[in-house]
Amino acid sequence: MIPAAFDYVAPTTLDDAVRALSEAGEDAKVIAGGQSLLPVLRMRLAAPSVLIDLGRIPELRGVREDGDALVIGAMTTHYEVQRDQLVRDHAALLAEATDTVADPQVRHRGTFGGSLAHADPAADLPAVALALDAELVARGPNGTRTIAAAEFFTDFFTTALDPTEILVEIRLPKTTGWRAHYEKFNRVAQAWSIVAVAAAVRVDGGMIAQARVGLTNMASVPVRATAVEQALVGQPASAESIRAAAAHAAEGTSPPTDGNADTAYRQHLAQVLTSRAVAAAAGV
Ligand code: FAD
C-alpha cells in the first residue's frame, strides 16, 4: 500500500530536529532507518502529517568512550554497531545480539536507537539494553534527560519517551572482560525471536562473579531474569549450576500465546535457552 501523504523535513542539527518536532506537535514522527516505520506507514497503521528524518544529523551517529561508559549515537546502524571494535571490546553482548538482527540489508539501514524507540517485544536489542543497565538519553523542548532502560520500555511498542522527545544516545556501562552470548530461537534464519536470551557473565577463578540475563519476547516489554542472575553469582561455572539457575528463567514472565508458540512453551524455552546462553557465555 501507499502511505498517506505527509510533509518531510530533514534537519542537519539535533537542535533543529527538536525544534521541528516540537513545532509539528504530536501528529509528527521522526524517522531513523525506516525499517519498522515505513511498513507501519504503508499499512496505514499510522498517518503522521510530518516526518522528520534524523538521517542527516552527524551528532546522532557513532560510538565513543566516556570513562566507564560506552556511548552509542541513536542513529548508529546495526551494521556499524556490529563491526565497531569498541563495542566488541566493551559491550560484547550487544555485538553478539546485533549479529542476529534481520539480514544485511536491514542492518545497513536500521539503527540501534530506532530499535529501542520502536520497542517491539520481539526485537532483540531492548533485552540487551536492559541486561546491560543501559541509560537512554533523550532531548526535547525542555532539555535533556536520562532514562534507565528499566524505566524506558513501558508496554507493547510503547516507551517513556514523550512524543516531542528524540532519543539521542545510549550509554552502556562497560563490561570489559565479560563474556557474552545471545541465544535466539526462531523458525527460520534471520527471522524475529520467538524467545531469545541475552547473557553476559564475568568468571573469576572458575566461579561466576557477575551475571546479567535479559529475555526477549517473554512479556510486553523486555524482562530481566533477576532470579537467574542471583542464583548464578557465587556458583561454579559448571553445567550443573547453570542448569539449576536457569530453571528460574520463567519467574515473573507473562509471554504471549500467538501463532508461533503458546505461553507454556515460551516459558519452557526461556529455561532451556537461558541454560544454553549462560553456558556458552561462561565457556562451559
Ligand atoms: P524506524 O523504522 O525509522 O523507526 C521506528 C520507530 O522508532 C518510529 O516510531 C520512529 O518514530 C521511532 N524512532 C526511531 N528513531 C528514534 C529516535 N532517535 N528518537 C525517537 N524515536 C525514534 N529487529 C530485531 O531486533 N530482530 C530482528 O530479527 C529483526 N528482523 C527484521 C526483519 C525485517 C525484514 C525488518 C524490515 C526489520 C527487522 N527488525 C528486526 C527491525 C529492525 O531492527 C529495525 O531496524 C528497527 O526495529 C527499527 O529501527 P529503524 O532505525 O529502522 O527505525
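Analyst: A polar contact is a pair of N or O atoms within 3.5 Å; within protein, one atom must be able to donate a hydrogen and the other to accept it, and residues adjacent in sequence count only if both atoms are side-chain atoms. The structure is a predicted model, in which local features need pLDDT of at least 70 and side-chain atom pairs pLDDT 80 or more, while totals for chains, interfaces and linings use all residues. Residues are numbered from 1 along each chain as its sequence is written, and side-chain values use heavy atoms, with hydrogens and water left out.

User: Which ligand atoms face Gly 33 and Asp 124?

Analyst: A polar backbone atom of Gly 33 lies 2.9 Å from a ligand oxygen. For Asp 124, an N or O atom of the side chain is 2.7 Å from a nitrogen atom of the ligand. Of the 970 Å² that the ligand exposes when taken alone, the protein buries 90% (Shrake-Rupley method, 1.4 Å probe).

User: How many residues surround the ligand, and which are the closest?

Analyst: There are 29 surrounding residues, each with a heavy atom within 4 Å of the ligand. The closest are Val 30, Gly 34, Leu 37, Thr 111 and Asp 124.

User: Which classes of residue make up this shell, and which element gives the largest share?

Analyst: The shell holds 16 nonpolar, ten polar and three charged residues, with Gly counted as polar. Helix 7 gives the largest share, four residues. Strand 2 (28-31), helix 7 (112-118) and strand 10 (166-173) each contribute at least two; helices (H or I, at least four residues) and strands (E, at least two) are DSSP runs numbered from the N terminus.

User: Why is Glu 169 called buried?

Analyst: Buried means under 20% relative accessible area, exposed over 50%, and partly exposed in between (1.4 Å probe, protein chains only). Glu 169 has 16%, and is therefore buried. This residue belongs to strand 10, and its side chain makes a polar contact with the side chain of Arg 64 at 3.3 Å.

User: Why are Pro 121 and Ala 119 called buried?

Analyst: Pro 121 has a relative accessible area of 7% and Ala 119 has 4%; both values are under 20%, so the term applies to each. Pro 121 is in the loop between helix 7 and helix 8 (125-131), and Ala 119 lies in the loop between helix 7 and helix 8 as well.

User: What is the phi of Ala 119, and what is that of Ala 102?

Analyst: Ala 119 has a positive phi near 55 degrees, in a residue other than glycine. Ala 102, also not a glycine, has a positive phi of about 50 degrees; this residue lies in the loop between helix 5 (92-99) and helix 6 (104-109).
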